[in-house]
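Take it topic by topic, and find each residue in the viewer as you go.

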Amino acid sequence: MTKPALTDLLHAAVTAVGGTERPGQVAMAEAVAEAIDSNVHLLVQAGTGTGKSLGYLVPALAHGERTVIATATLALQRQLVERDLPRTIEALHPLLRRRPEYAMLKGRSNYLCLHRLHEGVPQDDEDGLFDPFEAAAPTSRLGKDLLRLRDWADETETGDRDDLTPGVSDRAWSQVSVSSRECLGATRCAYGAECFAEAARERAKLAEVIVTNHALLAIDAIEGAPVLPGHEVLIVDEAHELVSRVTGVATGELTPGGVNRAVRRAAKLVDEKEADRLQTAAEGFERLMELALPGRLEEIPEDLGYALTALRDAARAVITALGNTRDRSVQDEDAVRRQAQASVENVHAVAERIVQGSEYDVVWYERHDRYGASLRVAPLAVSGLLREKLFEDRSVVLASATLKLGGDFDGVGASLGLSAEGRVTETGGAAEHPGGIGEAGGAGAADGDGDDGDGEAETDTGVPRWRGLDVGSPFDYRRQGILYVAQHLSPPGREGSRGDMLDELTELVQAAGGRTLGLFSSMRAAQAAAEELRGRLDVPVLLQGEETLGELIRRFAADAETCLFGTLSLWQGVDVPGPNCQLVVMDRVPFPRPDDPLMSARQKAVEEAGGNGFMAVAATHAALLMAQGAGRLVRATGDRGVVAVLDPRLARARYGSFLRASMPDFWYTTDRNQVRRSLAAIDTAAKEGV
């Protein structure tokens, strides 16, 4: 049978989901198909509205090999599994003559644990198990959540927390879920045959397409115990988030509370001698942490080194003892032992890692007003880890609306472990795409050496081979949006109220008639701005943290006069097409805090290697956030509005052009009067329904 043409498959899929074919989507699908066939990895930037999900789904399904799709957000996972995949598979069936199976797979703690539900939660301070259903008052929020969970357990087919609507608190969920380390294992658990997490794994083994998240992908790569079935194609959507998610998984933490919890859990299962030794080490660590000041530890102080060594050695002795002793007097001993072992193993692993002192790790103290001090360790970079674990054995496609920073893919590629040495181009230069912009990895791209179609995923030196492609956007950004930089304002300092910025913000919101998404670099700044504007203007101002994020976004989208102010999650998590979001304001360039231990360590490492640490780390971090934030404005072809940056450095500083080149190509101005007139005109047109 003749293999159906990719364009015919894409047309069928787009028609099935009620979409419109875009030139950029076609270019993306063709590039993904080529990457899979040639084993050359692909970074593809597909702007909002391109339809990038179908741009990678169709060629992956047509290829017919097992594919893992990893996303950063729950919303996209659900869209793929509940809408895009079923419709696409049905639409392609007449052409492909098959219906590929698909499944969603998450970490174990996302699934309800029947053992926990029926047997209770091992307690830290007493023998036996604690039944939360008996202990929680039926009228309390926790009690109501637990009763709902018990009823839901009899109805659900998946046990997936995200299928429970409305959801429950983290506290309630923790009573009925376990981490992978705490799990007894299907063969040892009385409920193993009915286990929701095991059922999800079995479905994934039989599926051709597996939808998962960045965190599980990172665990699969880092921890050496495969949780994902073997696969030939990996697609990482929202790939701009991957480095931070992998860093999070690779970060270890010790707190006095966590160490003491490990002591309590182990004490009932080991001899008094081992328990006392761990208790003594925990007390020494806690005394040190009471005096800890926030900041990076470039060298481990002698007293901390002694405390961690004592903690490591005592934890190792307890782990050995846990494996050699049994105590039948402990109710449900296996569950209690497994939980204790998981806690003590974490203490041992983090203490050992810090004591060993790798030059590739960063160690620092943090102090939280509510939770106290913690000791953390994270990798200086994850590029080497990703290069080794992600790009060796299969084709990888990395897709996002924001992968080109400063006009090329170099920065993001390097952070992912894809060096300029491995970049390839089409014969004759950069790949062409709609809009006439050629891009094969940015300025200084390789001339194609080694790209002879031999299907090898690496160069002779073992460097992964990759290509960068920007397929553009269906939006006419220069006609639909304005980038306004308030260069007349005073530069933001670390402290101070920035009164002129608040005046400017007030005037802009007033001109826009509300309709404003305020993106702030800190929660304190967002709170101050919300309080100020609530006193000055007669428009509703919603503030992140005062309600669930989903409810805030719903209320913002429902009322044209409403404004929504917040911080990090709003820079990337808001999708409000139409006239109710016509002004996006950024209070300042979102550089990382100067005292951020991990970012400052990464910046220093680049400088010591002869590079520009500020541009490679701080400016790149800010560029990614600003690209994401500016992307909140235009979400549909009819959207119009203004992105206003209330930080004159974007216009004046040398790095300003790099940051602006990372954002959508809006019409650029510093004329405050022009912007007010434009906002007023947009507001009037929206009210008149034009």
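The lining of the largest cavity is made up of 15 nonpolar, five polar and four charged residues. Keep in mind that this is a predicted model.

**The cavity**
- The structure holds one cavity of 30 Å³ or more.
- The volume of the largest cavity is about 280 Å³.
- Among its 24 lining residues, Cys113, His115, Val178, Cys183 and Leu184 are the closest to the centre.

**The loop between H26 and S20**
- Start with Ser662, which is found in the loop between helix H26 (656-661) and strand S20 (667-669).
- Ser662 counts as buried because its relative accessibility is 7%, and the cut-off for buried is under 20%.
- What lies 2.6 Å from a polar atom of the Ser662 side chain? It is the backbone nitrogen of Gly406.
- The backbone oxygen of Phe658 lies 3.0 Å from a polar atom of the Ser662 side chain.
- Setting aside neighbours within four places in sequence, Ser662 is in contact with Lys404, Leu405, Gly406, Ala623 and Ala627.
- Asp665 also has its place in the loop between H26 and S20.
- With 46% relative accessibility, Asp665 counts as partly exposed.
- Asp665 and Tyr477 are 188 residues apart in sequence, yet their C-alpha atoms are 5.7 Å apart in space.
- Not counting residues up to four places away in sequence, Asp665 touches Tyr477 and Arg478.
- The side chains of Asp665 and Arg478 are joined by a polar contact of 3.3 Å.

**Backbone features to look for**
- Most residues other than glycine have a negative phi, and most peptide bonds are trans.
- Is the peptide bond from Thr165 to Pro166 cis or trans? This bond is cis, with omega near -10°.
- Pro166 has its place in the loop between helix H7 (141-153) and helix H8 (170-174).
- Glu238 is not a glycine, but has a positive phi of about 50°.
- You can find Glu238 in the loop between strand S7 (233-236) and helix H11 (242-249), and at 13% relative accessibility Glu238 counts as buried.
- Arg515 is not a glycine either, and has a positive phi of about 55°.
- Arg515 lies in the loop between helix H19 (499-512) and strand S15 (516-519), where Arg515 is buried, with a relative accessible area of 4%.

**Cysteines and disulfides**
- A disulfide is a covalent bond between the sulfur atoms of two cysteines.
- How many disulfides does a search of the whole structure find? The search finds zero.
- Cys563 is in no disulfide, and the nearest cysteine sulfur, that of Cys581, is 9.9 Å away.

Definitions and conventions: Residues are numbered from 1 along each chain as its sequence is written. This is a predicted model: local features need pLDDT of at least 70, side-chain atom pairs count only at pLDDT 80 or more; totals for chains, interfaces and linings use all residues. Side-chain values use heavy atoms; hydrogens and water are left out. On a 1 Å grid over the protein atoms alone, a cavity is a set of points where a 1.4 Å probe fits but cannot get out, and a pocket is an open set with protein on both sides within 12 Å along at least five of seven lines; lining residues have an atom within 4 Å of a point. Grid points are joined across faces, edges and corners, and a volume is the space filled by probe spheres set on the points. Ala, Val, Leu, Ile, Met, Phe, Trp, Tyr, Cys and Pro count as nonpolar, Asp, Glu, Lys and Arg as charged, and the others, Gly among them, as polar. Helices (H or I, at least four residues) and strands (E, at least two) are DSSP runs, numbered from the N terminus. Buried means under 20% relative accessible area, exposed over 50%, partly exposed in between (1.4 Å probe, protein chains only). A polar contact is a pair of N or O atoms within 3.5 Å; within protein, one must be able to donate a hydrogen and the other to accept it, and residues adjacent in sequence count only if both atoms are side-chain atoms. Contact means heavy atoms within 4.5 Å. A disulfide is a pair of cysteine sulfur atoms within 2.5 Å.
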